[in-house]
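Please consult the sequence and structure shown here while reading.

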Amino acid sequence: MQTMKELMYKEEKDIVKEALNNTLRHANANNVSVIFRKDANTLKNTLLICDDGTGFDPKKVDSNLHHGIKIINSRALLMNGQCKISSDNEIGTEIKIEWE
């Protein structure tokens, strides 16, 4: 049986994997950054994945055809976290997951 720490690590890893796959498939990005932060005072964790690709409108993505955003959101919820995705054609995409 896996520990909670192992389960959380798996969800974090799978979120990064899905985000990187989406970047490779759709973004035409030159750069991708993955940043993990843990605030020692608040115990808040932040996973930030950013690219400089073509961007998209998250509200217009058909989740029946493209499952990546839905998968990322579901994994964030499994971690009792929140997912915020912002994207723009000029600056690329930022996925921010926060949890405690």
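In helix α2 (residues 68-78), the residues Gly68, Ile69, Ile72 and Ala76 are buried, that is, under 20% relative accessible area, where exposed means over 50% and partly exposed in between (1.4 Å probe, protein chains only). Viewed down the axis of α2, these buried residues fall within an arc of 100 degrees, so they line one face of the helix; the arc is that of the directions from the helix axis to the C-beta atoms. This is a predicted model, in which local features need pLDDT of at least 70, side-chain atom pairs count only at pLDDT 80 or more, and totals for chains, interfaces and linings use all residues. Residues are numbered from 1 along each chain as its sequence is written, and side-chain values use heavy atoms, with hydrogens and water left out.

**Helix α2**
- Helices (H or I, at least four residues) and strands (E, at least two) are DSSP runs, numbered from the N terminus.
- The buried residues of α2 pack against α1 (4-27), β3 (82-88) and β4 (92-99), contact meaning heavy atoms within 4.5 Å.
- Leu77 and Leu78 are exposed residues on the face of α2 turned away from its buried side.
- Just after α2, Asn80 has a positive phi of about 55 degrees.

**Asn45**
- Asn45 lies in strand β2 (residues 45-51) and is buried, at 5% relative accessible area.
- Beyond four places in sequence, the residues that Asn45 touches include Phe36, Ile97 and Trp99.

**Cysteines**
- The structure contains zero disulfides, a disulfide being a pair of cysteine sulfur atoms within 2.5 Å.
- The sulfur of Cys50 is 12 Å from its closest cysteine sulfur, in Cys83, which is too far for a bond.
- Cys50 is partly exposed at 21% relative accessible area, and Cys83 is partly exposed at 22%.
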